[in-house]
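Dear colleague,

I am handing over a structure that I have been going through, and I would be glad if you could read my notes alongside it. Please take a look at it first.

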Amino acid sequence: MHIVLVEPEIPGNTGNIARLCAGTGIELHLVRPLGFSTDNKYLKRAGLDYWHLVTVHYHDRFDEVLEMYPNRTFYFCSTKASRTHCDVAYPPDAFLVFGKESAGLPHDLLAAHRDRTIRIPMASGARSLNLSNAVAVVAYEALRQNNFSALQCVGIGFSAEP
């Protein structure tokens, strides 16, 4: 499974998402421009000492991701979508695409992929969720649908058995 962040702006969010990726085995794709330096102390602090567990790919534009993975299924997360993140069936190698904190995904990108655009249900009047929270909600739904097969879970409620 893959998470794609298109032009993320807040280092703490990206660090939190990297930590989620480390804990789940999900690969992280960062599409430039980034709103921070990858040497940023807040990025590193949010990711703690998990960075060595994360596979991070950097791309200069989103089209590079589509070109590198032409036969994969992409889902584009937006508050403007009609279908919810629970209304679709995620393959184990799905790409979950999220936009920058201040504006979300570009309008033309959403228009080009309207049939693969999803949203997280929210209370009326709420504008959006925090990016790292939104990524966690969608990622864990995709993992749940695949019986957490990418994980060897330990801890409360999980077994170490494959």
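The notes below go through the annotated positions, then some surroundings, and then the backbone.

This is a predicted model, in which local features need pLDDT of at least 70 and side-chain atom pairs count only at pLDDT 80 or more, while totals for chains, interfaces and linings use all residues. Residues are numbered from 1 along each chain as its sequence is written, and side-chain values use heavy atoms, with hydrogens and water left out.

According to the unreviewed UniProt entry, the annotation "binding site" covers G99, I120 and S128; UniProt positions are given in the numbering used here, feature names are shortened, and annotations may be inferred rather than shown by experiment. These residues are spread over 30 residues of sequence, yet they cluster in space, with a largest C-alpha distance of 13.9 Å. The lining of the largest pocket includes G99, I120 and S128. Here a pocket is an open set of points on a 1 Å grid over the protein atoms alone, where a 1.4 Å probe fits, with protein on both sides within 12 Å along at least five of seven lines, and lining residues have an atom within 4 Å of a point.

G99 is placed in the loop between strand 6 (95-98) and helix 4 (107-112), where helices (H or I, at least four residues) and strands (E, at least two) are DSSP runs numbered from the N terminus. G99 counts as buried because its relative accessibility is 9%; buried means under 20% relative accessible area, exposed over 50%, and partly exposed in between, with a 1.4 Å probe and protein chains only. Not counting residues up to four places away in sequence, G99 touches V6, G104, L105 and L131, a contact being heavy atoms within 4.5 Å.

I120, in turn, lies in the loop between strand 7 (117-119) and helix 5 (131-145), and at 17% relative accessibility I120 is also counted as buried. With residues up to four places away in sequence left out, I120 touches H85, L129, A134, V137 and V138.

Away from those positions, F74 belongs to strand 4 (residues 74-77) and is buried, at 6% relative accessibility. The residues that F74 touches, not counting those up to four places away in sequence, include F62, Y69, F95 and R116. F74 and D93 are 19 residues apart in sequence, but 9.3 Å apart in space from C-alpha to C-alpha. D93 itself sits in the loop between strand 5 (83-84) and strand 6 and is partly exposed, with a relative accessible area of 31%. Leaving aside neighbours within four places in sequence, D93 is in contact with M1, H2 and R72.

Finally, what stands out in the backbone? Most residues other than glycine have a negative phi, and most peptide bonds are trans. A cis peptide bond, however, joins R32 and P33, with omega about 5°, and P33 is in the loop between strand 2 (27-31) and helix 2 (41-47). E7, although not a glycine, has a positive phi of about 55°; E7 is located in the loop between strand 1 (2-6) and helix 1 (11-24) and is partly exposed, at 25% relative accessible area. N147, likewise not a glycine, has a positive phi of about 55°, and N147 is in the segment after helix 5, where N147 counts as exposed at 67% relative accessibility.

With best regards
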